[in-house]
Amino acid sequence: MLPLPELALIDLDGTLIDSVPDLTWCVNAMLRELGLPERSESAVRRWVGNGVERLVERALVDDIEGMPEAALRARAMPVFMELYAAHGAERSRVYPGVEDGLTYLADRGVRLGCVTNKAERFTLPLLEALGLRARFELVVSGDSLPERKPSPRPLLYAAEHFRVAPSACTMIGDSRSDVAAARAAGFTIVCVSYGYNHGKDIRDERPDVVIDSLADFAQVFAAG
């Protein structure tokens, strides 16, 4: 088991919330407007995790490693941003076990923050719409700082904000970016098995613990 942290930072997409249904709808509405073929939800699940800009780029060329021509990207990006701002919290859902997991940590005095690569203009409305915003004392979005995950900077910023040593902090996420950021910041790292990691098993990234639900925290953290 891991020691109960003083601070837990939790990723948003793929950890707290399944946002792919909304992202897929917005991607396909954008593609229709541009006269391009629609993409499957399974493809979008492989593409998410590096911010919506990278998602749009991948969707335009139907390739996780690809990049569209600059002119097409310039046409597409404002279309997607407008769609996602208007429809980004209609189909997304909180994963089972999230409420129980957050309550477990809060009841034991663990401070809670959310650290995501999603831009603030999309992050805060989504958290509000799904009833999670009040759970977190701090939200660090993808554009809150000059760097985002896998950089450790958002995690270290949060630790400094709470005045907690990195060694007393845990990152909870679903992707290799979360693992890399946590390792570089000196955090422990817990990953969920169900999230978005570009179709790869998160166990390959060697997090400290992998769980199937945030409701499993009682089996992860030693009682504080």
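**View 1. The side chain of Asn117 and the backbone of Lys149.** A polar atom of the Asn117 side chain lies 3.0 Å from the backbone oxygen of Lys149. The model is predicted: local features require pLDDT of at least 70 and side-chain atom pairs pLDDT 80 or more, whereas totals for chains, interfaces and linings use all residues. Residues are numbered from 1 along each chain as its sequence is written, and side-chain values use heavy atoms, with hydrogens and water left out.

View 2. Asn117 occupies the loop between β4 (111-115) and α6 (120-129); helices (H or I, at least four residues) and strands (E, at least two) are DSSP runs numbered from the N terminus. Beyond its neighbours within four places in sequence, Asn117 is in contact (heavy atoms within 4.5 Å) with Gly49, Gly51, Gly142, Arg148 and Lys149. Asn117 is buried, its relative accessible area being 9%; buried means under 20%, exposed over 50% and partly exposed in between, for a 1.4 Å probe and protein chains only.

**View 3. Leu60 in helix α3.** Leu60 belongs to helix α3 (residues 52-61) and is buried at 5% relative accessibility. Residues up to four places away in sequence aside, Leu60 touches Met30, Leu31, Leu34, Leu36, Arg39, Pro68, Leu72, Arg73 and Ala76. Met30 is 30 residues from Leu60 in sequence, with a C-alpha to C-alpha distance of 9.4 Å.

**View 4. Helix α3 and its cover.** Eight of the 10 residues of α3 are buried, so the helix is largely enclosed by the rest of the structure. The cover over these buried residues includes α1 (20-34), α2 (41-47), α4 (70-87) and α6. Just after α3, Asp62 adopts a positive phi of about 55 degrees.

Methods:
A polar contact is a pair of N or O atoms within 3.5 Å; within protein, one must be able to donate a hydrogen and the other to accept it, and residues adjacent in sequence count only if both atoms are side-chain atoms.
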